[in-house]
Structures are given as structure tokens and as C-alpha cells.
Amino acid sequence: MNLIELNKIKKTYRGRNIESVVFQSLNLTIKKGDFIAFYGRSGSGKSTLLNMIGLVDRPTSGNINLEGNKINALSDDEYAFIRNKYVGFIFQDFKLIEDMTIYENVEVPMLFAKEKLSNIERKTRISKLLKELGLEGKDKAFPDELSGGQKQRVAIARALVNQPKLLLADEPTGNLDKTSADDVMKMITQIHKENETTVVIATHDPQIKDYVNRVIYVDEGSLREEE
Ligand code: ADP
Ligand code: MG
């Protein structure tokens, strides 16, 4: 079963003077349960691709199908609604809210979800996630009291709290030392295995290629998959 299909996607950015073409005609199929790395140098278009797959940004033209449904014609609100339900996002710089506790950071996406859970249901789910990610006892801490690796694990918990079908990570190990990076990749691998979550990672870190099942090289607007 295909989770996402990109058909003849064109993506350009319009600057003040020039229009730059990142992708001219991109085709890509992501199956449910895939564990993919988009690998390529800086500026090759990895984040652009991830943002289109994650419904953060739209293609200039072409079709995106999500579980067989065309989503091009949806409004921005509908797009945002689907994004909140389907997608969890992790970033290089963690993007935690500094004046919220770890617990509150993880809770945020739940408060925006359409399906409202009770206090106790939220608490149960968050505590379970924090425990699985090795953050037990850190719920009342603030982000600046954690190491980089711990912060990224909080970000993973936050990305998973609405139980998304698709977990996207943009350079998740970019700000981490080797040990923390391995840690984070082991956790992401575990999540992929246990819940059959589809995982897509954009990276220029060659280590990540060892963890995933599909390596897709992004270069000059084209994709090449490693056999
Ligand atoms: P990567 O994540 O692989 O480093 P990006 O997707 O960020 O690559 O960028 C691909 C290309 O698109 C680059 O040439 C970059 O300068 C350009 N680009 C990215 N975002 C924007 C933007 N918001 N406006 C204009 N150009 C952009
Ligand atoms: Mg990038």
C-alpha cells in the first residue's frame, strides 16, 4: 500500500529577481512502513522535498496523492488538519519551547489535535512516551536543563504524541555528537520497527544510511535510489 505518491512534481522558489528551480519533474513513491534516507549535499533540495511530503509546503505543480487521495485542491486549513493528524516532524535544532517544561512541550500537539483526549489520557500517553525515550523523571525539567541528545529525544516524543503514520526528520543528528546521534538513530529505528511508522530522514550524515532500508540520493533536482 502506498502512503504517498509524488507525480511530476515541480518546485520553484520565486525570489525578488530570480526564480530558482529546485525540482523540475519529480516522481517518488513511499510505501507504508518504509524507512528512507534522503541523502545529499547542502542545497540539493532535501528539506524542500521533506516539507512537501510533510504537507508543510506545496509543490508549484504536479500531484501528491496521500493514501490514494489527491490533496492538491485542498485548502490551507485542510492541509494543516491532515498534517497535524498524519505527520510528526523532527528538526536539527530541536525547536522546543524554552519556557515550557518537557511535559508541556510534548503535550502541545495534542492540544491542537481535533480529537481531544482527557487530561488523564494525555498524561498516560506522554508518560509512556517519555519512559520509552529514556526521559523518565525529566517531565518537569526545562529544555535548557537537558543535553542535546535528550532534547532531540523530547522532540521525538513530541513528534509521536499524536501517533502519526509518518515521521519526518530533517537532519536529526546535525547538532549531536556521535554517541547522542547513535542514540537518537537507535530510538528512531525502534519506533519504525514497533509501530510500523513510515520514517523519512533528510541528511548529509553518511552514518544514517546504515540504519534505513532505502537510501535515495538527492542531487541537482533528481533522485537516484541505491539498489
Ligand atoms: P537541503 O535541505 O538539501 O540543504 P533545501 O531544500 O534547503 O536543500 O534547498 C534547495 C534549494 O532551494 C537551495 O538552492 C536553496 O537555496 C533553495 N531554497 C530553499 N528554501 C528557499 C526559500 N524559502 N526561498 C528561496 N530559495 C530557497
Ligand atoms: Mg536542509
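An oxygen atom of ligand 1 sits 2.7 Å from a polar backbone atom of G43. The model is predicted: local features need pLDDT of at least 70, side-chain atom pairs count only at pLDDT 80 or more, and totals for chains, interfaces and linings use all residues. Residues are numbered from 1 along each chain as its sequence is written, chains are lettered from A and ligands numbered from 1 in the order in which they are written, and side-chain values use heavy atoms, with hydrogens and water left out.

**Ligand 1**
- An oxygen atom of ligand 1 lies 2.8 Å from an N or O atom in the K46 side chain.
- The side chain of S47 also has an N or O atom 2.8 Å from an oxygen atom of ligand 1.
- Taken alone, ligand 1 exposes 560 Å², and the protein buries 55% of that (Shrake-Rupley method, 1.4 Å probe).
- The residues around ligand 1 (a heavy atom within 4 Å) include Y13, V22, R41 and T48.
- By class, this shell has two nonpolar, six polar and two charged residues; Gly counts as polar here.

**Secondary structure**
- The protein chain has six helices and 10 strands (DSSP runs: H or I, at least four residues; E, at least two).
- Helix 1, residues 46-53, gives the most to the ligand 1 shell, with three residues.

**Overall fold**
- Of the 227 residues, 50% count as buried (under 20% relative accessible area, 1.4 Å probe, protein chains only).

Technical notes:
A polar contact is a pair of N or O atoms within 3.5 Å; within protein, one must be able to donate a hydrogen and the other to accept it, and residues adjacent in sequence count only if both atoms are side-chain atoms.
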